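Open the model in your viewer and keep the selection panel at hand. The tour goes stop by stop.

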Amino acid sequence: MSNPTLRAVLQSALPPAITFVVVIALWEGAVRAFAVPKFLVPPPSDVLLAAWAERTSLAAALLTTAEGAGLGFLLSASLGTSVGLAFSLSRWLERGLYPYALFLQTVPIVAVAPLLVLWFGPGLRAVAVSAFIVSVFPIIANTLAGLRSVDPRLSDLFRLYGAKLGDTVLKLRLPTAIPSMMTGLKVASGLSVIGAIVGEFVAGFSEGNAGLGITVLSAYRQLRTDLLFAAVLLASLLGLLLFALVSSLSTLLLRRLRAPG
Amino acid sequence: MARWAEGSCGVDGSIAISSQVAIRGVSHAFSSGGPVLEDIDLVIEAGSFVALLGPSGCGKSTLLRFISGLDTPAAGSIALSPSADDAKAQPGARTKLAFVFQDAQLLPWRSVLDNVALPLELQGTSRAEARQRARGPLAEVELGDVHERFPDQLSGGMRMRVSIARALVTEPSVLLLDEPFAALDELTRQRLDERLRKLWQARRMTVIFVTHALAEAAFLAERALVMSRRPGRIVLDHSLQLPDDRRIDLRTNPDFVAQTALLYRALQQHGALDDEQHNA
């Protein structure tokens, strides 16, 4: 092969593609060979057919969930980095609030979701807040860790020249923190989709358009396991897509900052 | 001295000055216990080149941090003041410090030119002007042709030269260096020693150079201060009897060898070399 980029793409894409084909083939074969009831495990071909038959409603549901997850993620990204920055600037603030930020991480989101419906009303807002709650903590923690990882001798250098706080943050701490912040954002991107689906289970019943969480619930009630599978797969794909988006942004930024990784 | 006659002129019109460093009765102990420095009392004349020599952990870096004002000693005081001539010529002139660390400590996301411009930016100079003024010191360390490269595209020696240019960009009156070339190979280190001495000769600044390498101290300095093991005391204060014009081949000169041996004996007498490297 003469083209090195093509070769690199093939080398990274080929193994997972092979895995995919083999797993799908085994799944299809096993389900048919052992005559597994379709409401327990539908064969991949049925899932594909169901997805095609319901393509309009699935696409609408995907968009709705994407909106909730995306909104929640943006909220996490902006608030999480701001809170992390504020914590890094004030030990008092950090000591006073960090335990409660940790609470966001440990609270069982399924149990809190009904409250969100009461407070924000059913629909997009409650779903977005659910996505936010699930995804914000890794951003706060990673932002804080990144801002704290500044080389002490570089801090000395800034101190020696009497750098103003604003300059120290913009020209030293934030650039240092970005690799760690990006890790937090990547983790949060996947979590925000999970938070949105959970939110929809409880709060997604308003308005005309229901998200993938609703599709999963109604498919389950009708024992349409093929459609259920299709919706779950789409939700995972949405998470992957968001992750890929953040990842490529991260790669671009890190290259500009000449940071390793 | 002749080299003082020229003076180097900053872009902002102020003439670079040199400062005296007066250390009075400085003692210090780490909070974890043991004393680090014991009653250090010395005056470093404006415009001189002093090597501070001692075994690892003797407190020489701590002393340097005290001089820089980054840390404060438990007892004693340190005063930096412009030389008498400078005070007369430029009333109100302040001592400007620069510090060169053991590693180059450059910002990886900034180009060479932007790294050197950084101190000026931090002191409120506009970015465009800071970049303009960074060109001079970069030319002085012969890096005029790599302005737009990034630190990861440079060799260790080149990174150190960028670090020195960054220190020079504010026209410091006192330049502090903490084992700056310790991580470099011997040949690169000797070339940088020679360059640093030339930079000092061309400018009016006081240089305090911390090292644990005897030959480097003898090659660079006019005056060598030898410290004992912890708690650090000054055990030898020696004016080096060597020519002003020093080249790499000075290291084979019998006078140079004699001076190095003198420093070596001082270190040895105070137990500094018991378990220690002595990269002479």
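Start with B:E142. Is this residue buried or exposed? Count the other C-beta atoms within 10 Å: there are 12, so B:E142 is exposed. The cut-off for exposed is 12 or fewer. Bear in mind from here on that this is a predicted model.

Now look at the backbone of B:E142. Its phi is positive, about 60 degrees, although the residue is not a glycine. The residue sits in the loop between helix 5 (127-140) and helix 6 (156-168) of chain B.

**Next: B:E171**

Move to the loop between helix 6 and strand 6 (174-178) of chain B, where B:E171 lies. Here too phi is positive in a residue other than glycine, with a value near 50 degrees. What about its surroundings? B:E171 has 22 C-beta neighbours inside 10 Å, so it counts as buried. The cut-off for buried is 20 or more.

**Next: strand 8 of chain B**

Select residues 223-227 of chain B, which make up strand 8. How many of its five residues are buried? Four are, so the strand is largely enclosed by the rest of the structure.

Strand 9 and strand 8 of chain B run antiparallel, joined by five bridges. Pick B:V226 and look for its bridge partner in strand 9 of chain B, which is B:L236.

Follow the chain from strand 8 to strand 9 of chain B. The two are joined as a hairpin through six residues. B:P231 lies in this loop. Stop at the peptide bond from B:R230 to B:P231: it is cis, with omega near -5 degrees.

**Next: the nonpolar cores**

Show side chains for B:V50, B:L52, B:L53, B:F209, B:A217 and B:A224. These residues touch the most other members of the largest nonpolar core, which has 81 residues. Which element gives the largest share of this core? It is helix 4 (residues 112-122) of chain B, with seven residues. As a general point, nonpolar side chains in soluble globular proteins tend to be buried together.

A second, separate core has 54 residues, among them A:A69, A:L124, A:A219 and A:A231.

**Next: chain A as a whole**

Show chain A as a cartoon. What secondary structure does it hold? There are ten helices and zero strands. From the N terminus on, the elements run α-α-α-α-α-α-α-α-α-α. The C-alpha atoms fill a box of roughly 75 × 60 × 30 Å along the principal axes.

Chain A has 261 residues, and 36% of them count as buried. Take the contacts in chain A between residues at least 6 apart in sequence: 79% join residues at least 24 apart.

Color chain A by pLDDT. The average is 91, and 97% of the residues score at least 70. Among the elements of chain A, helix 3 (residues 55-89) has the highest mean, 95. Helix 4 (residues 91-106) of chain A has the lowest, 88.

Select A:I24 in helix 1 (residues 4-33) of chain A. It has 15 C-beta neighbours inside 10 Å, so it counts as partly exposed. Draw a distance from A:I24 to A:A219. The two are 195 residues apart in sequence and 22 Å apart in space, C-alpha to C-alpha.

**Last: where the chains meet**

Show both chains again. The contact takes 15 residues from chain A and 13 residues from chain B. On the chain A side, the elements that give two or more residues are helix 7 (152-160) and helix 8 (165-203) of chain A. Helix 7 of chain A provides the largest share of that side, seven residues.

Finish by coloring this side of chain A by residue class. Nine residues are nonpolar, one is polar and five are charged.

Definitions and conventions
Residues are numbered from 1 along each chain as its sequence is written. Chains are lettered from A and ligands numbered from 1 in the order in which they are written. This is a predicted model: local features need pLDDT of at least 70, side-chain atom pairs count only at pLDDT 80 or more; totals for chains, interfaces and linings use all residues. A nonpolar core is a set of buried Ala, Val, Leu, Ile, Met, Phe, Trp, Tyr and Cys residues joined through C-beta atoms within 7 Å. Two residues are in contact if their C-beta atoms, placed from the backbone, lie within 7 Å. pLDDT is the predictor's confidence in each residue, from 0 to 100. Two strands pair if DSSP finds at least two bridges between them. Ala, Val, Leu, Ile, Met, Phe, Trp, Tyr, Cys and Pro count as nonpolar, Asp, Glu, Lys and Arg as charged, and the others, Gly among them, as polar.
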